[in-house]
Amino acid sequence: MTPPSELRRILVVHGPNLNLLGSREPETYGTTTLEEINEGLAAAAKDWNAEVECFQSNHEGALIDRIHEALTWADGILINPGGLTHTSVSLRDALSATGLPVVEVHLSNIFAREEFREHSFVSGIALGVISGFGALGYRLALHALLERLER
Ligand code: CA2
């Protein structure tokens, strides 16, 4: 990948329960911890002349507040909304209100699981969705977001 022409700042948002990564349900979500995912993103970002700020919360309002704040400094948002993917109009509205480019990522393939996971409130306002590639998906999503910012 060609490094971005100027430093890009990306907010990475992890939704509810993702703090449990690596400790529970490895058959579904893999063995990589959230800390390892964040470290991997920070390293990749450095190579691509970008910086990531990573934030996880189990509280919808806290996620929304952080997304609002991103308006003042971020160039884009990478988000795994967790279970809020399938329930939260408010999270979608917050992302949409920033006007920032958003890439949605899921560790598991949400189309190969229960039917209720097939619908995402976020996908309609995202540039794109990466789902089913585990921890690698975050790096793919960051790459896609930074490439898009170069256009
Ligand atoms: O596959 C994904 O990344 C999901 O966003 C994960 C959400 C789920 O509700 C979505 O449908 C798909 C759940 C996050 C729960 O994370 C855990 C991690 C480890 C152990 C238990 C839960």
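Which residue forms a salt bridge with Arg8, and how far apart are the closest N and O atoms?

## Salt bridges

The partner of Arg8 is Glu150, with 3.2 Å between the closest N and O atoms. A salt bridge is here a side-chain nitrogen of Lys or Arg within 4 Å of a carboxyl oxygen of Asp or Glu. The pair joins distant parts of the chain, 142 residues apart: Arg8 belongs to strand β1 (residues 8-14), and Glu150 to the segment after α5 (136-149). Helices (H or I, at least four residues) and strands (E, at least two) are DSSP runs, numbered from the N terminus. By the salt-bridge rule, the count comes to six.

## Basis of the model

The model is predicted: local features need pLDDT of at least 70, side-chain atom pairs count only at pLDDT 80 or more, and totals for chains, interfaces and linings use all residues. Residues are numbered from 1 along each chain as its sequence is written, and side-chain values use heavy atoms, without hydrogens and water.

Around the ligand are 17 residues (a heavy atom within 4 Å), of which Asn80, His86, Leu107, Ser108 and Arg117 come nearest.

Of the 510 Å² of accessible area that the ligand has on its own, the protein covers 94% (Shrake-Rupley method, 1.4 Å probe).
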